[in-house]
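Here's a quick walk through this model, starting with its charged side chains and then moving on to strands and core. Have a look at the structure first.

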Amino acid sequence: MKSLRFKKMLLLSYKEKKARIIEIDSDIVVVKGDNNKGKSCLLKSLYWALGCEPKSFPERWKKANVIALLYFTIDSVEYVSYRSRSSSVLLWAFVI
């Protein structure tokens, strides 16, 4: 079985003029917080950055016109995924 490991995710919204870097590089990751603090949105963002379409996203997130960079490994080979909300482009690249 292949080993998928998330390293880091960068989310950028030009519209809101905000960015967030989320470090995920750990053997165990616990996502904890009160209601409406973004736990589900974080997981949906990971899913979306890999090229999938979550069933629902908060309307605010959709309007933010987000760009995502996701750094991850598959069997220790490093990849970067780029996805933009404003285009249908999904790009995966090897990290050299």
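Arg5, Lys7, Asp25 and Asp27 are linked in a network of salt bridges, a salt bridge being a side-chain nitrogen of Lys or Arg within 4 Å of a carboxyl oxygen of Asp or Glu. Before going further, note that this is a predicted model, where local features need pLDDT of at least 70, side-chain atom pairs count only at pLDDT 80 or more, and totals for chains, interfaces and linings use all residues. Residues are numbered from 1 along each chain as its sequence is written, and side-chain values use heavy atoms, with hydrogens and water left out.

By the salt-bridge rule, the count comes to five.

The Asp75 and Lys2 pair links distant parts of the chain, 73 residues apart: Asp75 is in the loop between β3 and β4 (77-84), and Lys2 is in the segment before β1. Helices (H or I, at least four residues) and strands (E, at least two) are DSSP runs here, numbered from the N terminus. Is Lys2 buried or exposed? Lys2 is exposed, at 63% relative accessible area, while Asp75 is partly exposed at 36%. The cut-offs are under 20% for buried, over 50% for exposed and partly exposed in between (1.4 Å probe, protein chains only).

Asp25 is partly exposed at 43%, as are Arg5 at 28% and Lys7 at 25%.

Now for the strands. Two strands pair if DSSP finds at least two bridges between them. Which residues stand opposite Leu12? In β3 it's Ile67, and in β2 the bridge partner of Leu12 is Ala19. β1 and β2 form a hairpin with four residues between them, and Lys17 in the turn has a positive phi of about 55°.

What about the nonpolar residues? In soluble globular proteins, nonpolar side chains tend to be buried together. The largest nonpolar core here has 16 residues, and those with the most contacts inside it are Met9, Leu11, Ile22, Trp48, Val66 and Leu70. A core is a set of buried Ala, Val, Leu, Ile, Met, Phe, Trp, Tyr and Cys residues joined through side-chain atoms within 4.5 Å. β1, α1 (39-49) and β3 each supply at least two residues of this core. Leaving aside neighbours within four places in sequence, Leu70 is in contact (heavy atoms within 4.5 Å) with residues including Phe6, Met9, Leu46, Ala49 and Tyr79.
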